[in-house]
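Here are some notes for a first look at the structure. Please read them beside the sequence and the 3D view.

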Amino acid sequence: MASAPRILYCHCKYAQVVPKDQKELVLRALCDSGSAFEAVADLCELSARRDPSLQRLASNGSVKIAACFPRAVKWLFHQAGAPLVLDQTEVLNMRTQSAAEIIPELLSSEVHPNLPTGKFTAPHAEPVS
Amino acid sequence: MALKDPSLRVVLYEGAGAEPLTEDDRFSTVHALLESGFGVTRPSVAAGAVSPQDSSPLLVLGRWGAAGPPELEAEAAVPIHFRELEPAAGPDKLLAMVETARAKTETAQPGGWKPWFPVIDYDRCTNCMQCLSFCLFGVYGVDGERRIQVQNQDNCKTNCPACSRVCPEAAIMFPKYKAGPINGDIVSDSDLQREKMKIDISSLLGGDIYEMLRNRSERAKSRFSKERDSDKALTERQKCLIKLAQSGDIPPEVLMSLPGPEEIARRAEEAAAKAKAALAPLPTP
């Protein structure tokens, strides 16, 4: 039996792009859940610093990440020399998804990998909510 | 900013030998640490797992009670520090304790820099080197295989996404940018067209911006070789910068911090030379 996915939460501390309420609802749910998790203040900062912790977070099996756009998360890790495993990573986007959508998915033991796996150009612009 | 320094791994421990925290205490502790730039690992015996230990120094916070924190049975491979998480100690005391441990372990100090820098989507990047040619601040470079890469993140100008606009493939992201596709959102055909239009600063200015500034510098030299009209040159530059700011979302403070035309020309030439070298055919063995 596959082990439960690890959970990683990014607080996106250094920018206001993720709504504060959204972040706090997700974080609160994690703290109340009894599940193990790892929380980082800001994935961008760790990536810029090529922090060794990204290697630890990227490897070691499946992982669910509550952060921002999957494309950004994929290449932030890559740029830090810690590429995520494409078929073992699910990114939940706190910029576009509601906490109500994210929380059950984050705490579920199923992983729905959604990192981009190649160049994709949509025929129409996706609205950013 | 010191890059590549490991960060302190703060562990919130509630397992055997420690008292569990209330949900509110757990949330307020984790939240306070994150707001101060520290990451937190919360292991659980109930569900899930966390990443195994690596070379990062550990600070283990827990309510150990009268028994105190556990003794290490053998010399640990990495420094491990245990600290008592006092009930109702308040965030200031908690953060002071964690900061003291951080300083002691000589791990990276969080904060002090908004992590604003380009991130390359290599699924889209064609290695055309336009970003390298464009950037005046040495953010880009090439690796051993002459592949474009971001080398000096902390040289990047906060809130300036200008280089992403010169990328014909919308392959450059700034994850903290407000809008897609620069923020990492899916790229659409219309984005590609729009980005192309937005970045075409040159069309607004009648030519490549650096070329234009270079030409202006040359004209200025001949025109004002004996009596240079610095006020007029400054006015012209300001007009140019305003147009740039309006066309490209570039913060005025970034534009105003640009060096003078001669220095811009020098840096642009340097960047162009790096790009040219990266694109030159490899010598045959």
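1. This is a predicted model.

2. The contact between the chains takes in 51 residues of chain A and 59 residues of chain B. On chain A, the elements that each supply at least two residues to this side include strand S1 (6-10), helix H1 (20-33) and strand S2 (37-40). H4(A) gives the most, with five residues. Sorted by class, the side of chain A that touches chain B holds 27 nonpolar, 14 charged and ten polar residues.

3. Chain B as a whole has ten helices and nine strands. Of its 285 residues, 34% count as buried. Taking contacts in chain B between residues at least 6 apart in sequence, 64% join residues at least 24 apart.

4. Helix H2 of chain B (residues 91-105) can be checked for length. With 15 residues at 1.5 Å a residue, the helix should span 21 Å, and this agrees with its end C-alpha atoms, which are 21 Å apart. After H2(B) comes Glu106(B), which has a positive phi, near 55°.

5. Which residues of H2(B) are buried? They are Leu94(B), Val98(B), Ala101(B), Arg102(B) and Thr105(B). Viewed down the axis of H2(B), the buried residues fall within an arc of 105°, so they line one face of the helix. The background is that an α-helix has 3.6 residues a turn, so residues three or four places apart point the same way.

6. What do the buried residues of H2(B) pack against? Their partners in chain B are strand S1 (9-12), helix H1 (23-35), strand S3 (58-62) and strand S4 (80-84). On the face of H2(B) turned away from the buried side are the exposed residues Asp92(B), Lys93(B), Ala96(B) and Ala103(B).

Conventions:
Residues are numbered from 1 along each chain as its sequence is written. Chains are lettered from A and ligands numbered from 1 in the order in which they are written. This is a predicted model: local features need pLDDT of at least 70, side-chain atom pairs count only at pLDDT 80 or more; totals for chains, interfaces and linings use all residues. Helices (H or I, at least four residues) and strands (E, at least two) are DSSP runs, numbered from the N terminus. A residue is buried if 20 or more other C-beta atoms lie within 10 Å of its own, exposed if 12 or fewer, and partly exposed in between; C-beta atoms are placed from the backbone. Two residues are in contact if their C-beta atoms, placed from the backbone, lie within 7 Å. Ala, Val, Leu, Ile, Met, Phe, Trp, Tyr, Cys and Pro count as nonpolar, Asp, Glu, Lys and Arg as charged, and the others, Gly among them, as polar. The expected span of a helix is 1.5 Å times one less than its number of residues. The arc is that of the directions from the helix axis to the C-beta atoms.
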